Amino acid sequence: MTRLTVRKTYKLWIGGAFVRSESGRYDETDGFNFPRASRKDVRDAVAAARKAAGPWAARTAYNRGQILYRAAEAVESRGDGLGVSREEREASVDVLLHYAGWTDKLPAVLGGVNPVAAPFLSFSLPEPTGVVGVVAPDAPALLGLVAEIAPVLAAGNVAVAILSETAPLAGLDFAEALGVSDVPGGVVNLLSGRRGELAGALGAHRDLNAIVDAAGDAELSAELDRLAAETIKRVRHGEPARSYEDAVGDALERLEAVTELKTAWHPVGA
Amino acid sequence: MSVRTTVVWDYAPAPESADHVRLKDRYGLFIDGDFSEPASGRFVPSINPATEEPIAEVAYGGPDDVVAAVQSARAAHPKWAALPGLERAKYLFRIARLIQERARELAVVETLDGGKPLRESRDVDIPLAAAHFFHYAGWADKLRYGVNAREVSPLGVVGQIVPWNFPLLMAAWKLAPALACGNVAILKPAETTPLTALLLAEICQEAELPPGVVTVLTGDGDTGAALVRAPGLNKVAFTGSTAVGRDIQAALAGTNIPLTLELGGKSANIVFEDAALDQAVEGIVNGIFFNQGHVCCAGSRLLIQESVHDEVIAKLWQRMRRLRVGDPLDKNTDVGAINSAEQLARIEALVAAGEEEGASRQTIECELPERGYWFAPTLFTDVSPAHRIAVEEIFGPVVSVLTFRTQAEAIEKANNSRYGLAAGIWTDKGAKAFEVASALQAGVVWQNTYNHFDPTAAFGGYKESGFGREGGPAGLRPYLQIVQ
């Protein structure tokens with residue numbers, strides 16, 4: 001007698017919970033159904049991200065680094081379960097490791113003491129921009145996503161990401177890996193569905209601080225730029241990362257794009 | 001019974017003389033290293049807001065002038081970018097020195113053209129402008145060290161639009177890093193305050209800066225709008241209102257042209273009960289009445305801890321009543337003229353809204369000159385966080401007071417704004433100051449001081465106050481591309 005396999009129900013990851021789309025809609029790929037997220041799901045995800053943003057930023061850099069390292073462990077240990085090539089999986093793990101090490105170096109690299117011509121201790125330090133919307137490329141489905149999310153998290157931000165439209169399962173499996181790591185609920189939110197439907201709602205959201213777009217679609221890029229202008233969002237467009245080198249060669253630019261610099265002046269003496 | 005007469009202590013007039021100022025009657029556009037007639041054929045007078053008298057006529061840059069400016073800048077770029085960094089530095093050092101040499105003249109013209117007190121243009125605007133050129137001159141041959149040892153190249157032709165509140169200083173903030181990085185710049189000064197930028201153009205000539213490296217394109221908002229959309233531009237930097245910044249960001253959508261924006265603010269100035277209150281009151285006054293409140297980072301939302309609210313307000317009101325409003329050229333003037341009739345109307349409208357919405361208004365009584373644009377320092381108490389005067393940027397000498405009980409409430413109220421440019425903290429407790437400073441979503445946080453600027457310290461906003469930084473090594477980054 002042949003054994004009947006137990007099929008997986010793929011779900012969105014919002015606020016640390018695995019949920020169906022509130023719309024009840026689904027699409028189908030490779031014999032699996034997966035949620036077709038709605039604009040309402042985007043709004044729910046941004047709200048969950050906002051709630052998680054303060055506590056995530058307030059964690060020590062050391063702690064955030066350890067959590068990202070733990071995420072790398074979780075991805076590594078899933079082995080073939082992510083449905084991508086071994087090379088892509090291993091590159092994704094290495095990218096997570098690379099950015100895990102950034103959390104407690106960024107202030108030394110981007111910040112410093114300002115030798116002002118007055119009796120003040122003036123210093124400038126990088127801080128997270130806040131809630132970042134990520135538009136992941138279609139391919140590579142996992143590495144392309146991790147390359148955008150890892151620097152966002154390493155700089156202390158939280159993310160709402162729209163997954164590959166053509167191969168969303170890798171991203172949804174990745175959510176399960178993160179779900180059993182120490183990434184707090186709401187710090188990463190992953191939505192599958194139709195990019196054309198979701199990216200606009202994400203880009204237009206007034207409580208989003210920045211957009212990272214790696215979809216490689218010029219028309220969508222221009223549309224995201226226009227939407228971003230409404231609330232002066234920071235926008236970074238990039239090509240899909242196809243290798244570890246692509247994802248870390250411009251690490252500092254990726255980190256800068258989701259970083260604010262704060263200058264503080266404290267009096268010295270009287 | 002002895003009768004005691006009241007003695008009125010007052011200052012005698014102390015106007016700065018303007019006889020050393022060498023202004024022409026008419027200025028062309030500064031293109032290709034020389035002043036030329038605008039293709040538009042139009043000249044517009046620049047008005048002294050304290051007298052409503054014209055000072056000089058200034059060319060209006062029309063669409064054809066924008067094209068000519070970009071052409072000249074494009075032609076100048078390769079040679080300028082190819083100069084060794086130290087040689088570019090020498091030109092910038094020369095400019096810094098010439099600003100220092102002509103400081104008195106520049107200060108008087110800044111005050112005549114913009115209405116700000118001479119004390120401020122003399123002690124703040126002009127020295128800081130020179131300092132900015134001096135600081136960035138030194139970067140020109142050390143660029144790699146300013147960007148964490150990355151390989152860099154200049155962007156090319158940058159379009160820079162500056163506001164009317166700190167005309168020469170904002171020009172320096174824009175031009176100095178752009179030129180140090182090997183870019184050439186087209187500067188569009190504000191419509192109401194073009195004169196010191198034109199004097200700076202003369203200084204560029206005097207410094208023998210190669211033609212086309214700096215272009216000064218005078219005109220109005222339409223000139224600026226045409227400039228940012230002009231083909232051939234590689235970078236746009238804008239300082240001004242959030243509304244115009246939004247328009248520019250949308251106009252550049254899909255172009256991949258790098259943009260930096262330094263926009264509006266509604267900055268919170270937070271007074272804790274343990275602060276040195278007299279010192280705090282001086283800081284509040286400096287925070288909101290400096291430059292008539294025409295300051296993007298002005299401390300326009302005053303947050304006072306409830307336990308000291310009445311005492312702070314009483315002291316503040318006493319101090320405000322001693323502010324001297326009037327002739328900007330008078331060396332004793334604290335608050336000068338409002339920059340333009342348009343800005344005065346905007347301030348009046350928002351103040352009227354404050355009264356209508358139920359806040360309590362107190363405006364100091366003082367004699368205002370018959371001509372010119374004036375607004376006496378004004379204090380609003382009983383302000384609710386939803387009032388327009390607590391939310392919108394007034395950009396005038398008007399402070400809105402809110403209260404708080406706990407530190408957490410102060411932080412929440414301070415951050416409850418779409419803006420995030422600056423904030424002030426008044427407390428004698430070091431640990432508290434550091435904790436609050438790190439919790440505030442603002443690009444600049446001052447403890448026990450306000451409106452302090454330095455070329456080595458990054459300045460710029462969070463949220464809708466814009467993105468990108470000016471000052472220090474962070475100020476280089478927007479003018480360079482990283483070579484991968």
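Trainee: What percentage of the 270 residues of chain A count as buried?

Mentor: Good place to start, and keep in mind that this is a predicted model. A residue is called buried here if 20 or more other C-beta atoms lie within 10 Å of its own. Among the 270 residues of chain A, the share that counts as buried is 55%.

Trainee: What radius of gyration does chain A have, and what would a compact globule of 270 residues have?

Mentor: The C-alpha trace of chain A spans about 85 × 40 × 30 Å along its principal axes. For a compact globule with 270 residues, the radius of gyration would be near 18 Å, which agrees with the value for chain A, 19 Å.

Trainee: How many helices and strands does chain A have, and which of its elements gives the largest share of the side that touches chain B?

Mentor: Chain A has ten helices and twelve strands. The contact takes 30 residues from chain A and 34 residues from chain B. On the chain A side, the elements that give two or more residues are strand E6 (120-128), helix H8 (218-229), helix H10 (251-256) and strand E12 (259-267). The largest share, eight residues, comes from E12(A).

Trainee: How many nonpolar residues are on the side of chain A that touches chain B?

Mentor: Let's go by class. That side of chain A has eight charged and eight polar residues, and its nonpolar residues number 14.

Note on methods:
Residues numbered from 1 in each chain as written. Chains lettered and ligands numbered in written order. Predicted model: local features only at pLDDT ≥ 70, side-chain atom pairs only at ≥ 80, totals over all residues. Contact = placed C-beta atoms within 7 Å. Helix = DSSP H or I, 4+ residues; strand = E, 2+ residues; numbered from the N terminus. Nonpolar A, V, L, I, M, F, W, Y, C, P; charged D, E, K, R; others polar. Rg over C-alpha atoms; globule rule 2.2 N^0.38 Å. Buried ≥ 20, exposed ≤ 12 C-beta atoms within 10 Å, placed from the backbone.
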